[in-house]
Amino acid sequence: MRLHDIPVLILCGGEGTRIREETASRPKPLIEIGPDPILLHIMKLYASYGFRRFVLCLGYRGLMIKEYFIDRELRVRDVKLNTSTGERAYLGTNSEMDWEIVFAETGAKTQTGARIKKCAGYIDTPTFMVTYGDGLANIDLRQLLSYHLSHGRIGTVTGVGVSSQFGELKISGDAVTGFAEKPVNRSLINGGFFVFQREFLDYLTLDSDCILEREPLERLAGDGELRVNRHEGFWRCMDTFKDYQQLNELFAAGALPWASGFEELARDTAA
């Protein structure tokens, strides 16, 4: 299976209510890290490994995502315009992004599972990728896919370790006996970057309330068809305004941990 044939579905439809400072006027995937929206950073991550087919599952202010990519092409490409007919054509090729993008309207209030189900017609390979439009990682996507294919189950989720941001009380009855500033134990959580076989679509419904992370994944796990691929490197979800600030501080400092190795991967892919 060639990587550039595998569809990559990116969930871009949520309202991003926990970062309302930025999402009141635009969808969360268009919030910039440096000059580019986080969505473009995610797509470049996949593209650096050879993936080139993207299905953007749109919802809240989805038209703005369409307009972003169309306007971007107008800015960077040569264009020929026939003023008598209005016909417009791009000239040459875009050497920066040789991608195929489907902009799928999946509903403003649709939940994550139903968004994927509504895109079933664009999944024409036995295996497909899914991730969130607000999460970045320096994940080895080739290793992830290889692991998924090796275990022969329907689904793989990327597990990332996170530490509690809060102090932990040590108690005996109702007496406080100690206080841990930051507990050292790390919980494994869903970090996105899924791989599924097409059979997973049978676990989803078109009901707008179908939430990927609840009944579908819980049933898949109950059937013994879900495996976890542990990721120990950089991972960050842009869930709050603080996350947005920290990611931009990393960018401003010239540190892009989610993009490490892009140049080497591009050379490997070209070879």
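How are α2 and α3 oriented to each other: roughly parallel or roughly perpendicular? The structure is a predicted model, in which local features need pLDDT of at least 70, side-chain atom pairs count only at pLDDT 80 or more, and totals for chains, interfaces and linings use all residues. Residues are numbered from 1 along each chain as its sequence is written, and side-chain values use heavy atoms, with hydrogens and water left out.

Helices (H or I, at least four residues) and strands (E, at least two) are DSSP runs numbered from the N terminus. The axes (lines fitted to C-alpha atoms over the stretch in contact, with angles from 0 to 180 degrees between N-to-C directions) of α2 (residues 38-48) and α3 (residues 62-76) come within 12 Å and cross at roughly 70°. The two helices α2 and α3 are therefore roughly perpendicular to each other, a term for angles of 65 to 115 degrees. Residues L39, L40 and M43 of α2 make the contact with I65, Y68, F69 and R72 of α3, where contact means heavy atoms within 4.5 Å. Of these residues, 6 are nonpolar, none is polar and 1 is charged.

The search of the whole structure finds 1 cavity of 30 Å³ or more. A cavity is a set of points on a 1 Å grid over the protein atoms alone where a 1.4 Å probe fits but cannot get out, and its lining residues have an atom within 4 Å of a point. The largest cavity holds about 30 Å³ of space, and its lining consists of P7, R53, F54, V55, E100, V102 and Y122. Strand β4 supplies the largest share of this lining, 3 residues.

Terms used. 1 Å grid on protein atoms, 1.4 Å probe; cavity = no way out; pocket = protein on both sides within 12 Å on 5 of 7 lines; lining within 4 Å. Points joined across faces, edges and corners; volume = space filled by probe spheres on them. Parallel < 35°, antiparallel > 145°, perpendicular 65-115°, else oblique. Nonpolar A, V, L, I, M, F, W, Y, C, P; charged D, E, K, R; others polar.
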